[in-house]
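Please consult the sequence and structure shown here alongside the text.

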Amino acid sequence: MEKQENRIKLILFDLDGTLAKINVDYDRLRKKLQEFFEEKYGIKSEFKPIIKTLRDVLERIKDSLGEDEWKKARSMAVKLIDEEEVNSTFEIFPQTKDLLKSLSKKYTLVLATRGGRRITERILSDFSIKKYFKKIITRDDVKSVVTKNEMFDIVLNEFEVKPAEIMFVDDNERILKEGKKYGFRCFKVNDETDLEKLLKKLES
């Protein structure tokens, strides 16, 4: 009987915390978001956690002021996040490049990150790992900045694979649970050493 691991056709990777580390100054980002939403809309919030709070704040704006204002507020919030990301230092984990090079010979690799397009492209280009991915999906390609469900849908629509043929690799437990609901096989990265465990798991 064929081993279960051999039925995997596509590996869906997260970026920050999984393959790389982006050193965003979250305290400064929170302050910028706090100032913008309080000055513009009179909404006070600590933005902890940032993404979930941002979603809730934007929904309040949408409910009270309409979709056009929601779009403007969301666009400004994403701009503030994007600015902090591109001004951050970053690094890939030591095992990342060799892992991607090895896996790309056997599997289709796709990147799905809640990070922005600019910082994602910089990391992939600076470390010469963009070539290993068949597709790159960032928050600029979807509407929601909270979940990855839209990204999952993009993958399933564009690649001829079943959910059970996808290995989803992420460091976020909540996002992994979303992947499990889709029927993906999931692997949690707790720290950079887990990438070696992933390779061993796929090769066993």
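The model is predicted: local features need pLDDT of at least 70 and side-chain atom pairs count only at pLDDT 80 or more, while totals for chains, interfaces and linings use all residues. Residues are numbered from 1 along each chain as its sequence is written, and side-chain values use heavy atoms, with hydrogens and water left out.

**Second largest pocket**
- A pocket is an open set of points on a 1 Å grid over the protein atoms alone where a 1.4 Å probe fits, with protein on both sides within 12 Å along at least five of seven lines; lining residues have an atom within 4 Å of a point.
- Its volume, the space filled by probe spheres set on the points, is about 230 Å³.
- Helices α2 and α3 each supply at least two residues of this lining; helices are DSSP runs (H or I, at least four residues), as are strands (E, at least two), numbered from the N terminus.
- The lining divides into four nonpolar, one polar and seven charged residues, where Asp, Glu, Lys and Arg count as charged, Ala, Val, Leu, Ile, Met, Phe, Trp, Tyr, Cys and Pro as nonpolar, and the others, Gly among them, as polar.

**Largest pocket**
- The largest pocket has a volume of about 640 Å³.
- Of its 26 lining residues, D16, Y26, I51, E85 and R114 lie nearest the centre.
- At least two lining residues come from each of α1 (26-41), α2 (50-65), α3 (67-86) and α7 (173-182).
- This lining comprises eleven nonpolar, four polar and eleven charged residues.

**Helix α6**
- In α6 (residues 149-158), M151, F152, I154 and V155 are buried, that is, under 20% relative accessible area with a 1.4 Å probe and protein chains only (exposed is over 50%, partly exposed in between).
- The buried residues of α6 pack against β1 (10-13), β4 (108-112), β5 (135-137), β6 (166-170) and α7, contact meaning heavy atoms within 4.5 Å.

**Aromatic pairs**
- The structure holds ten aromatic pairs, meaning rings of Phe, Tyr and Trp (its six-membered ring) with centres within 6.5 Å; planes under 30 degrees apart count as stacked, over 60 as edge-to-face and the rest as tilted.
- F90 and F127 pair edge-to-face, at 6.2 Å centre to centre and 75° between the planes.
- Because F90 lies in strand β3 (residues 89-92) and F127 in the loop between α5 (117-126) and β5, this pair ties together parts 37 residues apart in sequence.
- F90 is buried at a relative accessible area of 16%, whereas F127 is partly exposed at 27%.
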